[in-house]
Amino acid sequence: MTSPRHESPDDREIINAVDALEDEAVDLLATMVGFDSTLGNEAPAQAHIAGVFADLGLEVDRFELDLDAIRDHPGFSPVDWSVAGKENVVATHRPRKGGGRSLILNGHIDVVPTGPADMWTTPPFSPSIREGRMHGRGAGDMKAGTVSYVMAFKALARLGLAPAATVHMQSVVEEECTGNGALACLARGYRADAAVIPEPFDHSLMTAQMGVMWFRVHIRGKPAHVLDTSAGSNAIDAAFHLVAALKRLEKRWNALGQRHPAYADFEHPINFNLGLIEGGEWPSSVPTECRFTMRVGFFPGIATAEVRRAIERTIKRASARHPGLRETPPRIEYAGFQAEGCTVDAGGEMMLALADAHQRVIGSDPARQATTATTDARFFNLYGGIPATCYGPRAERIHGIDESVDLASMRDVTRVLALFMAAWCGLEPAA
Ligand code: ZN
């Protein structure tokens, strides 16, 4: 006996439909992890996901990242690398009858560099399953999340159903360095009643995210032979002098009285990371040049202009106390993240609906968590008027060596997203 198609399946039917796709989900994840989609290499992975979207019968919009279209936007982050040919992919489902609330499901295709490949147990772009976890760069951050929303949509389709509202599935570039990919989608006009990003946040609902800024400092010293160091000015020593001053600023921003309430209980919410440094010419010469790049975090509600002023003031004052820097002041340059922090209304309808879907799958209320990182959720929340959060699987060592994602957790996120989509958008018979 076959049961008739109906528009309100119970949770069990939807969960079973998700689970029936589990092997396919794991295969898709392995394929996605197999693409090295580090900065500048996103194209093959984007082409693949565009094909996956098309196979779902969705309308697919592939468009090049056009910096001129977003350059004047307050959420824009300048870059000093080429974005030529770099594409976002957005798939759209349009309902036949409609009447539900629209939704954006967003994931980023870019992954961070692997670090030394020989430190990995298995090569970073050769996905490998061990003890229920898929290992590989990007497995957790965040290809498993993208697979989850694709499979959630597909599970509903297998039941002969589709969301009764417009759903945009976005696979964007440059989340890990600027966010310009997600910003470009907003600038292209993509809007919805809510947005969910399945970043690997271990089934918690994100309630706040930190602001993040990258900046580079160029220092010029004065050349001299190492035997006569007093005649020169050591650019590398000067860099450490500036880094020490910036670390004191980090300490002040972490002070309890200075904190945004969402981060009151954190051990060390503000992190300044000296991520890159290069300089010097010769072991027996006083280095004449040094450049360093730092990533700084800052609380929601603080404008990027204010952060730039604080950084510049700190560097200026520290330079005044240093003979070499006093003579040749350092130059500061901003490229990469100029990202404000944001908060999410934990009592909003989208958050409640997502928490309810989680409860129905996992059997408990999800944790609510502020993150010390940035995510693309800021664009929706700050500039799109679209409530957005992150809710995704359990992953380990993202941005580290031997990154992995828990496959049972990916399946659970898929179940939650399918139930959430059904509740948020409503369902109608598929075309
Ligand atoms: Zn991520």
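This is a predicted model: local features need pLDDT of at least 70, side-chain atom pairs count only at pLDDT 80 or more; totals for chains, interfaces and linings use all residues.
The 4 donor atoms around the zinc ion subtend angles of 52 to 147°, which makes the arrangement irregular. Residues are numbered from 1 along each chain as its sequence is written, and side-chain values use heavy atoms, leaving out hydrogens and water.

Let us stay with the metal for a moment. The zinc ion is coordinated by His108 (NE2), Asp141 (OD), Glu199 (OE) and Glu199 (OE), at 1.8 to 2.7 Å. Donors here are N, O and S atoms within 2.8 Å of the metal (3.2 Å for Na, K and Ca), and sites may look incomplete because water is not among the atoms. Along the chain, the donors have the spacing H-x32-D-x57-E. His108 belongs to strand 3 (residues 103–108) and Glu199 to the loop between strand 8 (195–197) and strand 9 (205–209), so the pair ties together parts that are 91 residues apart in sequence. Helices (H or I, at least four residues) and strands (E, at least two) are DSSP runs, numbered from the N terminus. With 2% relative accessibility, His108 counts as buried, and so does Glu199 at 4%. Buried means under 20% relative accessible area, exposed over 50%, and partly exposed in between (1.4 Å probe, protein chains only).

Next, where do the nonpolar residues gather? The largest nonpolar core has 93 residues, of which Leu29, Phe53, Leu103, Met169 and Phe420 touch the most other members. Such a core is a set of buried Ala, Val, Leu, Ile, Met, Phe, Trp, Tyr and Cys residues joined through side-chain atoms within 4.5 Å. Helix 12 (residues 407–425) gives the most to this core, with 12 residues. A second, separate core of 32 residues includes Ala239, Val243, Trp253 and Tyr334. Leaving aside residues up to four places away in sequence, the contacts of Leu103 (heavy atoms within 4.5 Å) include Val167, Phe420 and Trp424.

Now follow strand 2 (residues 87–93). Of its 7 residues, 6 are buried, so strand 2 is largely enclosed by the rest of the structure. Strand 2 pairs in the antiparallel sense with strand 1 (residues 59–64) over 6 bridges, and also with strand 7 (residues 167–172) over 5 bridges. Two strands pair if DSSP finds at least two bridges between them. Val89 in strand 2 is the bridge partner of Arg62, while His93 stands opposite Val167 in strand 7.

Elsewhere, 4 strands form an open, antiparallel sheet in the order 4-5-19-18. Its edge strands, strand 4 (128–130) and strand 18 (395–396), each pair on one side only. Strand 18 is joined by 2 bridges to strand 19 (residues 404–406), with Glu396 partnering Ser404. Helix 2 (residues 22–33) lies across strand 4, strand 5 (133–135) and strand 19, at about 20° to strand 5. Helix 5 (residues 139–158) also packs on the sheet, touching strand 5, strand 18 and strand 19, and its direction makes about 45° with that of strand 19. Axes are lines fitted to C-alpha atoms, for helices over the stretch in contact, and angles run from 0 to 180 degrees between N-to-C directions.

Key:
Four donors count as tetrahedral if all angles lie between 85 and 135 degrees; four count as square planar and six as octahedral if opposite donors are over 155 degrees apart and all others between 65 and 115; anything else is irregular.
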